[in-house]
Amino acid sequence: MNQIESSKYNMILGALPRDTYNRLLPYLEWVQLAYGEVIYESGREVPYAYFPTTSIVSKVYLFEDGASSELALVGSEGFVGLGLFMGGGTLPHQAIVSRPGGSYRLRRQRFLQAFNCHSGNGDNQILFQLLLRFTQAMITQIGQNAVCNRHHSIYQQLSRWLLLNLDRQSSNELILTQEHIAHKLGVRRESITKAVGQLQQKGLISCHRGHLSVTNRSGLEDQVCECYKVVKAEFDRLLPVSTDIAADQYNLRNKTLIPQAMRL
């Protein structure tokens with residue numbers, strides 16, 4: 001699979017009109033993101049906008065005492081760089097790669113030029129609208145995460161977090177530790193151990209040496225609180241996927257990807 005084909009796994013790039021995409025293509029830099037890599041730091045200017053394909057980026061707030069809590073996840077459905085898009089330049093949290101993989105990135109100035117809807121170009125306005133829709137979906141995710149952390153059990157929070165991650169990758173397996181999950185959710189490791197044990201007893205997940213596999217996704221969806229469904233419904237409503245991209249995503253999950261010509 002070459003770079004042009006792989007770009008179709010980012011929903012925003014895949015939804016662009018052909019002319020807009022072709023104008024961006026020479027400036028889209030393909031990069032491999034490593035686990036734990038910090039894309040941008042709190043309070044620092046964001047140099048690139050990232051469009052993940054197979055990677056997942058976690059937006060994390062770091063407390064003064066060293067604790068942390070995850071605000072949101074971004075995968076192939078969106079982009080990382082809200083500080084650029086909204087005009088504020090910097091953000092009070094950092095963006096960390098939570099699942100290694102591929103991503104496109106676009107330099108700050110090129111990104112700002114690309115969605116300038118005042119140029120009179122209708123294609124630019126389409127990109128602008130896509131970024132606005134994704135921003136609204138992200139606001140929903142961040143807000144619903146806050147609601148969930150306040151009102152629902154750690155068992156439910158863990159179920160929600162696992163499903164949000166699965167929605168952004170092609171495998172049912174997560175490479176992580178219980179301590180990692182505890183840091184992301186901002187809770188004690190002992191609480192995560194108990195919740196993981198409950199999910200295992202119900203036959204919904206299996207764990208082995210830093211690997212967690214969801215063995216019964218439909219069963220896990222039955223356990224999760226309403227917060228997951230609210231977030232998923234909003235992403236599905238605001239970010240529709242074209243037929244070509246949906247087919248590619250299906251083939252990727254089933255490991256039968258057949259490269260085909262770009263049809264954007």
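Modeller: A residue counts as buried when its relative accessible area is under 20%. This is a predicted model. Gly83 has 3% relative accessibility, so this glycine is buried. Gly83 belongs to helix H4, residues 82–86. Set aside the neighbours within four places in sequence, and Gly83 is in contact with Gly88, Gly89 and Leu91. Glu45 is 38 residues away from Gly83 in sequence, yet their C-alpha atoms are 8.2 Å apart.

Now the strands. An open sheet of three strands runs in the order S1-S7-S3, and its pairing is antiparallel. S1 (29–33) and S3 (48–52) are the edge strands; each has a single partner strand, so one side of each lacks a neighbour in the sheet. On average, neighbouring strands here are turned by 40° against each other, direction ignored. S7 spans residues 101–107 and pairs with S1 over five bridges, in the antiparallel sense. Within this pairing, Glu29 stands opposite Arg105 of S7.

A hairpin comes next. Strand S4 (residues 56–62) pairs with S5 through six bridges, again in the antiparallel sense. Five residues lie between S4 and S5 in this hairpin. Gly66 sits in the turn, with a positive phi of about 100°. Leu62 is placed opposite Ser68 of S5. S5 covers residues 68–74 and is mostly covered, with six of its seven residues buried. As a rule, side chains in a regular strand alternate between the two faces of the sheet.

On to the helices. Helix H7 (residues 154–166) packs against helix H8 (residues 178–185) at an angle of about 100°, and their axes are 11 Å apart. H7 and H8 are therefore roughly perpendicular to each other. On the H7 side, the contact is made by Gln157, Leu158, Arg160 and Trp161. H8 contributes His180, Ile181, Lys184 and Leu185.

Last, helix H11. This helix has 13 residues, 226–238. From first C-alpha to last, H11 reaches 18 Å, close to the 18 Å expected at 1.5 Å a residue. Its buried residues are Cys227, Tyr228, Val231, Glu234, Phe235 and Leu238. Viewed down the axis of H11, these buried residues fall within an arc of 140°, so they line one face of the helix.

Note on methods
Residues are numbered from 1 along each chain as its sequence is written. This is a predicted model: local features need pLDDT of at least 70, side-chain atom pairs count only at pLDDT 80 or more; totals for chains, interfaces and linings use all residues. Side-chain values use heavy atoms; hydrogens and water are left out. Buried means under 20% relative accessible area, exposed over 50%, partly exposed in between (1.4 Å probe, protein chains only). Helices (H or I, at least four residues) and strands (E, at least two) are DSSP runs, numbered from the N terminus. Two strands pair if DSSP finds at least two bridges between them. The expected span of a helix is 1.5 Å times one less than its number of residues. The arc is that of the directions from the helix axis to the C-beta atoms. Axes are lines fitted to C-alpha atoms, for helices over the stretch in contact, and angles run from 0 to 180 degrees between N-to-C directions. Angles under 35 degrees count as roughly parallel, over 145 as roughly antiparallel, 65 to 115 as roughly perpendicular and the rest as oblique. Contact means heavy atoms within 4.5 Å.
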